[in-house]
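Trainee: Could you walk me through this structure, one feature at a time? I would like to learn how to read each of them.

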Amino acid sequence: MSEDGELIRLDDINFCYPGRAPLFTGLSLRVCEGDRLGLVGANGSGKTTLFRILVGLQRPQNGKISAFGRLVRTAADYAELRRRIGFLFQDSEDQLFCPTVREDVAFGPLNLGRSTEEVDQIVTQTLAELGLAELATRVSYELSGGEKRQVALATALAMQPAVLLLDEPATGLDPRSRRDVIERLARIGRTQVIASHDMEFVRATCQRVVVLDGGGIIGDGATDDVLGDDELMLRHGLEVPHSLVAEARAPTTDHHHGAGPSHGHGHRITHGQQQHEPT
Ligand SMILES: Nc1ncnc2c1ncn2[C@@H]1O[C@H](COP(=O)(O)OP(=O)(O)OP(=O)(O)O)[C@@H](O)[C@H]1O
Ligand SMILES: [Mg+2]
């Protein structure tokens, strides 16, 4: 990690799927320790691809990726990076491949070289904290969509990574499970990047929001500044969350969110390819 707490840095990334128009042109982004960063953007704007680039599942044609203070270039660099970054895939089916839930959740920590006793404890604790203890012996592929989503999240959390990349964590969750996940993420307190179309979820979990569109980052700032910018949101296929609209109508309400004050990092909203700078 660099002195100012920078954990991940993308510099001038160009990316194009074979035979397709360029998806990212000159995209730059910094993620610092403790950031709770919401990644929003219309369908196809590149949120999932950005995560896949970050963990080395896609390689950019140009640009630099640094993580934990080191340039990431070789397959070995990416393997090392994946030990420290937990990734929740958008599609739970991509995450669950063991016969039972317990084995799926144990897979990551076992791969990290933890002892069987340690892993047993981590799995039991992780499942219990997400209210999933009763699913431990179930066959993963027989779970409901929402159950799979929660177990997939458990597999990422069980690795106890320095950084969590969560692609649509709230999809398919009932209101109580969704609230539990919001509370769980707040308690973890680790660096988190959350891609979501659920703006209320982003508002409840993130202090900073980045908007992706047209090949790059077109907005970056404190959560309420970005999500409350109706012109920016509408222009890029998004919508101001209802809670913010309601608060704007009743400005005296002292509303407080789980993720803490939106201005905690001193971000200002920026339009274009700028990055946030720490204060
Ligand atoms: N393997 C692939 N090959 C070719 N094109 C792809 C591939 N994966 C994604 N794309 C295209 O790249 C663009 C970005 O896709 P991506 O999945 O990153 O978007 P997203 O922002 O995550 O969308 P969503 O909100 O629907 O999850 C889309 O136009 C998509 O069709
Ligand atoms: Mg996606």
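Trainee: Where is Glu-168 found?

Mentor: Helices (H or I, at least four residues) and strands (E, at least two) are DSSP runs, numbered from the N terminus. Here, Glu-168 is found in the loop between strand E7 (163-167) and helix H6 (175-188). Before we go on, this is a predicted model: local features need pLDDT of at least 70, side-chain atom pairs count only at pLDDT 80 or more, and totals for chains, interfaces and linings use all residues. Residues are numbered from 1 along each chain as its sequence is written, while chains are lettered from A and ligands numbered from 1 in the order in which they are written.

Trainee: Is Glu-168 buried or exposed?

Mentor: A residue is buried if 20 or more other C-beta atoms lie within 10 Å of its own, exposed if 12 or fewer, and partly exposed in between, with C-beta atoms placed from the backbone. Glu-168 is buried, because 20 other C-beta atoms lie within 10 Å. Its phi is near 55°, a positive value in a residue other than glycine.

Trainee: And what is phi of Asp-12?

Mentor: Phi of Asp-12 is also near 55°, positive although the residue is not glycine. Asp-12 sits in strand E1 (residues 6-15), and it is partly exposed, with 14 other C-beta atoms within 10 Å.

Trainee: Which strands lie in the sheet with E1?

Mentor: Two strands pair if DSSP finds at least two bridges between them. The open sheet has four strands in the order E2-E1-E4-E5, with antiparallel pairing. Its edge strands, E2 (24-32) and E5 (70-71), each pair on one side only. Six bridges join E1 to E2, and Arg-9 has Arg-30 in E2 as its bridge partner.

Trainee: Which residues of helix H1 are buried?

Mentor: In H1 (residues 47-54), they are Lys-47, Leu-50, Phe-51, Ile-53 and Leu-54. They share one side of H1 because they cover an arc of only 160° around the axis (the arc is that of the directions from the helix axis to the C-beta atoms). Just after H1, Gly-56 takes a positive phi of about 85°.

Trainee: What surrounds ligand 1?

Mentor: A residue is near a molecule if its C-beta atom, placed from the backbone, lies within 6 Å of it. The residues around ligand 1 include Tyr-17, Arg-20, Lys-47, Thr-48 and Gln-90.
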